Amino acid sequence: MFQIRYGYEYGIIEFRVVFVNSSNFQQIVVCHRLSISAITQANFIDPNQPIRVHIQNGTSGGTFTAIVRGRYYAILGSITPTNRITAERRLRLSATANAMVPTVSFRRKSIFPDGTGQNNSINVQILNFDIISSADIVWQLRLGSNLTGANFGDVSETPTSETCCLSDVSATAIDTRTGIKILSGLTKGGQRSTVENFPVDIVLSRTTPVTLAVMSISGNATIDVNFRVHEDW
């Protein structure tokens, strides 16, 4: 097991390997120490890095097996988490009983913070949404479905520096043969419906969009939607 021990703001970084000896005791061996000279310099600018394994054996061939167990960061001392609740709305949308219609979609920016060239590593989860409809409708949350006419841009009334997401409210169609239906439900006409408890954790990956789509059960429906995601900064 490979460990990195460090203080969140400044201090010495230790690179350690944990071995299991013949008596089944763990032994920690420090391989390298790195001292940050500037107090204001962060040890790790972005600790939210993907897990990766690379095996190299020169010119020799053969089959290798690598077991990736996971990743864990422990903060030395107290920490106050920072998060954002990002919301987007789409009002007076018309829906029929023929096909699902996309309302609001979110996706993560590929680069964040803006202008840094740093890959976006912020975790984004679906939080909740509100629906007001003039008639009974079916709704679906879909992940990675193809959209027609989508134009992802800045979230309305939100500074771009305060969100790692982009939103779309212009898509005109959604291909339900693509992507994944992660949740579905009904909303009664003439009433406000709020969904905020999800049975599964849904974390957006890369720039894959999540879309709230709706369809009238019969006839036409006019629908107002407010969709929210949670950004774990």
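A: Strand 5 (residues 101-108) pairs with strand 13 in the antiparallel sense over 5 bridges. Here strands are DSSP runs of E with at least two residues, numbered from the N terminus, and two strands count as paired if DSSP finds at least two bridges between them. The model is predicted, so local features need pLDDT of at least 70, side-chain atom pairs count only at pLDDT 80 or more, and totals for chains, interfaces and linings use all residues. Residues are numbered from 1 along each chain as its sequence is written, and side-chain values use heavy atoms, leaving out hydrogens and water.

Within strand 13, A213 is the bridge partner of P102. Strand 13 also runs antiparallel to strand 7 (residues 137-143), to which 7 bridges join it; there M215 is the bridge partner of V138. Of the 7 residues of strand 13 (residues 210-216), 6 are buried, where buried means under 20% relative accessible area with a 1.4 Å probe, protein chains only.

Another part of the model is an open sheet of 4 strands in the order 4-14-6-12, with antiparallel pairing. Strand 4 (83-95) and strand 12 (192-195) each have a single partner strand, so they stand at the edges and one side of each lacks a neighbour in the sheet. From one strand to the next the twist averages 15°, taken between axes that are lines fitted to C-alpha atoms, with angles running from 0 to 180 degrees between N-to-C directions. Strand 4 pairs with strand 14 (residues 221-232) in the antiparallel sense over 11 bridges, and V229 in strand 14 is the bridge partner of T86.

How values were computed:
Buried < 20%, exposed > 50% of the residue type's maximum accessible area, 1.4 Å probe, protein only.
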